Amino acid sequence: MNDVRLVHSGFDTLYVAVQGALGNKALEILRQAKESAKLAKESQSVTFGPGAYSASVPEDGQRGGYAYRLEKGPGDIMWAIGSNADPRNWNLFANIGSDCLLAHGLEGAIEKFWQDLEAMGALVLDCSINRADFAMDFRIEGFKLDQARVLAHSRATVRGHVKEEDNEIELGFVSRGRR
């Protein structure tokens, strides 16, 4: 296993908390859309803010006190919004996922973050990176997965998944999860 090559490295996900708020009019639009989503049991489309920000509002919010979620789809930022109009609170939360980073690059995703906030009409006092996931992908000639060498929390299960190729069975990947 001497031939190790770095294929890609970069941020995989960024979670950004925003101290600030949307105005009462925008929050009312989100409240009505969430109520409609609950009744219809499907996401509802909304457009609001000075930049006519458009997204879908599902029937649920997000853990951490966020009443609403705004989703546009793959390659975009998923927003969680609190129902509070007090900008001193951390009412907005951005999930800049790997698909967004892949589509726009790190600089483009950050620019999109600010464009979204402006389009929504958010009053922003501060931002804080809540979490940043960084990934490195390697190509290693001759590498074979060994389930016995996978580290996981004692409460997690580790399970091997086999694949068959050219009449040979080998461990394809190892997953870990809760018991």
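In which strand does L6 lie? L6 lies in strand β1, strands being DSSP runs of E of at least two residues, numbered from the N terminus. This is a predicted model, in which local features need pLDDT of at least 70, side-chain atom pairs count only at pLDDT 80 or more, and totals for chains, interfaces and linings use all residues. Residues are numbered from 1 along each chain as its sequence is written, and side-chain values use heavy atoms, with hydrogens and water left out.

**Nonpolar patch**
- V4, L6, F11, F134, M136 and F138 make a nonpolar surface patch of about 580 Å² (residues with over 30% relative accessible area and no salt bridge, nonpolar side chains joined within 5 Å; a salt bridge is a Lys or Arg side-chain nitrogen within 4 Å of an Asp or Glu carboxyl oxygen; areas by Shrake-Rupley with a 1.4 Å probe).
- At least two residues of the patch come from each of β1 (4–21) and β7 (123–140).
- L6 has a relative accessible area of 42% and is partly exposed (buried is under 20%, exposed over 50%, partly exposed in between).

**Aromatic rings**
- There are six aromatic pairs in the structure (ring centres within 6.5 Å; planes under 30 degrees apart are stacked, over 60 edge-to-face, the rest tilted).
- Y15 and F93 form a stacked pair, 6.2 Å centre to centre with 25° between the planes.
- This pair joins Y15 in strand β1 to F93 in strand β6 (residues 92–96), 78 residues apart.
- Y15 counts as buried because its relative accessibility is 19%; F93 counts as buried at 10%.
- Y15, Y66 and F93 form one aromatic cluster.

Definitions and conventions
Patches are made of residues with over 30% relative accessible area and no salt bridge: like charges are joined within 9 Å, nonpolar side chains (Val, Leu, Ile, Met, Phe, Trp, Tyr) within 5 Å. Helices (H or I, at least four residues) and strands (E, at least two) are DSSP runs, numbered from the N terminus. Buried means under 20% relative accessible area, exposed over 50%, partly exposed in between (1.4 Å probe, protein chains only).
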